[in-house]
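Dear colleague,

Please find below the structure I wished to pass on to you. My notes on it follow directly after.

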Amino acid sequence: MSTKLHLSSFFIVSLFLHLSFHSNADVGTATSYSPPYLPSECYGSDATQFPSSNLFAAAGDGIWDNGAACGRQYLVRCISAEQPMTCIPDQSIQIKIVDYAASAVSRPLVGGTTIVLSDTAFGTIANISAGLINIEFQQV
């Protein structure tokens, strides 16, 4: 009986954690951009701005907030794309905003997206050959 109760509790906690990400998440679009990444709108030519994981992004107009987005961290996951089999299932990443997409030195692959992910960040959640993906994102 206690094993049954334990499994049932585990299921409820897992379900809660899964739903809490989705219930607070926003939906948008993402594309990628490639080096050079410097200088950036947020930190100029300071190379220490980039996380060692290389999971960073430039903010699109929808989240830029007149520069207040600089340094914000977001959980991001690919939810769909025009091309089938683009998203990497059950893969979420935490990224740091280091730039503004409209003024980035390296131009985004597709304009007008919510977030422009570094090549490394994009390739972690989706097939890098996809130009545009739909994402769920949540500030942490």
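The model is a predicted one, and its mean pLDDT over the chain is 87, with 84% of the residues scoring at least 70. Residues 1-21 call for caution: pLDDT stays under 50 there, and the model gives this stretch five contacts beyond four places in sequence.

Overall architecture

The chain contains three helices and six strands, which follow one another in the order α-β-β-α-β-β-β-α-β. Of its 140 residues, 38% are buried. Taking contacts between residues at least 6 apart in sequence, 77% join residues at least 24 apart. The accessible surface amounts to about 7,800 Å², and carbon and sulfur atoms account for 58% of that area.

Strand S2 and its partners

With S4 the pairing is parallel and comprises four bridges; Ala58 has Asp99 as its bridge partner in S4.

Are the faces of S2 covered or open? Both are covered. Phe56 and Ala58 are buried on one side, while Ala57 and Ala59 are buried on the other. As a general point, side chains in a regular strand alternate between the two faces of the sheet.

Nonpolar cores

The largest nonpolar core has 25 residues, and the members that touch the most others are Val76, Ile95, Ile97, Ile115, Leu117, Ile125 and Ile133. S4 is the greatest contributor, with four residues.

Beyond its neighbours within four places in sequence, Leu117 is in contact with Ala30, Thr31, Ser32, Tyr33, Phe56, Ala57, Ile95, Phe122 and Ile125. A separate core of nine residues is also present, and its members include Tyr33, Tyr37, Phe56 and Val98. In soluble globular proteins, nonpolar side chains tend to be buried together.

Salt bridges

How many salt bridges does the model contain? The count is two.

One of them joins Arg72 to Asp65, with the closest N and O atoms 2.9 Å apart. Arg72 has a relative accessible area of 19%, and since the cut-off for burial is under 20%, Arg72 is classed as buried. Asp65, at 44% relative accessibility, is partly exposed.

The other is formed by Arg77 and Glu136, again with 2.9 Å between the closest N and O atoms. Because Arg77 belongs to strand S3 and Glu136 to strand S6, this pair ties together parts that are 59 residues apart in sequence. In this case the arginine, Arg77, is partly exposed at 22% relative accessibility, whereas Glu136 is buried, with a relative accessible area of 11%.

With kind regards

Note on methods:
Residues numbered from 1 in each chain as written. Predicted model: local features only at pLDDT ≥ 70, side-chain atom pairs only at ≥ 80, totals over all residues. Heavy atoms only, no water. Core = buried A, V, L, I, M, F, W, Y, C linked by side-chain atoms within 4.5 Å. Buried < 20%, exposed > 50% of the residue type's maximum accessible area, 1.4 Å probe, protein only. Helix = DSSP H or I, 4+ residues; strand = E, 2+ residues; numbered from the N terminus. Contact = heavy atoms within 4.5 Å. Pairing = 2+ DSSP bridges. Areas by Shrake-Rupley, 256 points an atom, 1.4 Å probe, with all protein chains shown as cover. pLDDT = per-residue confidence, 0-100. Salt bridge = Lys/Arg side-chain N within 4 Å of Asp/Glu carboxyl O.
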